Amino acid sequence: MLSGLERQPFDPNLLVGFDKADDAGVYRLRDDLALVQTLDFFTPIVDDPFDYGRIAALNSINDVWAMGGTPVTAMAITCFPKKGVDFAILGEIMRGGLSVLTENKVALVGGHSVDNEQIMFGYSVTGVIDPNRVATNAGARPGDVIILTKPIGTGVISTAIKFGKASDDVVSESIATMLTPGKYAAEAIASFDVKGATDVTGFALLGHAWEMACASNVTIEIAAASVPLIAGALDLASAGLLTGADKTNREYVREQVEVTASNDPNLVKLFYDPQTAGGLLLAIPAAKAEDLLAELRRNYPRAQIIGRVIEREAKAIVVK
């Protein structure tokens with residue numbers, strides 16, 4: 001759909017637009033200040049409305065952090081039925097979201113609501129950044145290694161929750177993973193001058209890695225055994241508890257992904273699993289990687305080097 005839209009050529013202050021499928025847009029206001037803007041909302045993925053609101057808030061803010069920015073304001077986006085569902089549930093959703101905004105010093109300035117049978121919630125978030133210090137998905141270079149800050153598996157676990165197939169321990173770890181904010185990674189991006197970054201959300205690990213590889217004109221090799229997983233996620237994937245996006249994510253990238261035959265097909269399913277409030281993929285020169293990893297593990301204990309960046313080959317992504 002977006003392929004038919006041309007990048008607007010008239011405004012040189014638009015530093016990051018929609019054409020690179022990045023996490024947020026960046027618009028320069030002056031030489032040392034730019035806006036970072038993003039929007040995201042989705043259907044409930046956990047049973048508790050307060051936790052749903054918290055996760056929705058962090059999922060939206062993470063896009064600003066993924067660019068290395070500082071979030072400052074947010075506007076709520078709400079779809080909720082006028083009839084059939086207690087409005088107290090919406091109150092809890094919004095209270096959960098506000099708690100996260102307040103904790104991260106993001107001012108709620110308003111929002112918009114729509115009468116809709118399907119509940120959806122999220123935020124439009126605006127942040128600020130020095131335009132000379134923006135991290136984008138076009139910043140990966142041959143010789144870099146790829147770090148993933150958080151484990152994956154929230155998609156299959158949310159499906160398992162809907163069918164009553166997820167244990168309390170698995171659900172708790174998934175929620176804790178989603179509720180770990182990306183702000184610490186943003187601080188590390190600034191400290192280590194990381195140029196290549198993106199967060200792993202709806203297009204899954206392979207979809208967002210593919211976007212980074214394409215935007216950077218490189219190939220990214222992923223070591224399948226190194227990718228951190230939320231406990232229980234592999235078992236749920238093996239049982240076929242996949243989201244509808246599993247199929248669409250495969251269609252999105254399949255022509256540009258090579259998966260070696262020795263890989264466990266059930267593990268590969270998780271690489272196509274859409275994530276909510278997922279971790280960040282960071283590309284950094286190999287010489288700096290261990291220092292960055294040590295810094296990240298203060299707040300992301302499962303952070304891991306999962307691959308490397310090489311010169312562009314026939315495929316954008318190779319899973320070994």
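Predicted model: local features only at pLDDT ≥ 70, side-chain atom pairs only at ≥ 80, totals over all residues.
Reader: How are H6 and H8 oriented to each other: roughly parallel, roughly antiparallel, roughly perpendicular or oblique?

Author: H6 and H8 are roughly parallel to each other. Residues are numbered from 1 along each chain as its sequence is written, and side-chain values use heavy atoms, with hydrogens and water left out.

Reader: What angle and axis distance do H6 and H8 have?

Author: Helix H6 (residues 204-216) packs on helix H8 (residues 245-253) at about 25°, and their axes are 9 Å apart. Axes are lines fitted to C-alpha atoms, for helices over the stretch in contact, and angles run from 0 to 180 degrees between N-to-C directions. Helices are DSSP runs (H or I, at least four residues), as are strands (E, at least two), numbered from the N terminus.

Reader: Which residues make the contact?

Author: H6 contributes Ala204, Leu206, Gly207, Trp210 and Glu211, and H8 contributes Asn249, Tyr252 and Val253. Contact means heavy atoms within 4.5 Å.

Reader: Now H3 and H4. At what angle do they cross?

Author: The axes of H3 (residues 154-162) and H4 (residues 168-178) cross at roughly 135° and come within 10 Å. H3 and H4 are therefore oblique to each other.

Reader: Which residues are in contact there?

Author: On H3 they are Thr154, Ile157 and Ile161; on H4, Val170, Val171, Ser174 and Met178.

Reader: Switching to aromatics. How many pairs are in the whole structure?

Author: A search finds seven aromatic pairs. Rings of Phe, Tyr and Trp (its six-membered ring) pair if their centres lie within 6.5 Å; planes under 30 degrees apart are stacked, over 60 edge-to-face, and the rest tilted.

Reader: What about phenylalanine 42 and tyrosine 52: stacked, edge-to-face or tilted?

Author: Their ring centres are 5.9 Å apart and the planes stand at 65°, so the pair is edge-to-face. Phenylalanine 42 is in strand S3 (residues 33-42) and tyrosine 52 in helix H1 (residues 49-66), so the pair ties together parts that are 10 residues apart in sequence.

Reader: Is phenylalanine 42 buried or exposed, and what about tyrosine 52?

Author: Phenylalanine 42 is buried, at a relative accessible area of 14%. Tyrosine 52 is buried too, at 1%. Buried means under 20% relative accessible area, exposed over 50%, and partly exposed in between (1.4 Å probe, protein chains only).

Reader: Which residues form the cluster with them?

Author: Phe42, Tyr52, Phe121 and Tyr123 form one aromatic cluster.

Conventions. Parallel < 35°, antiparallel > 145°, perpendicular 65-115°, else oblique.
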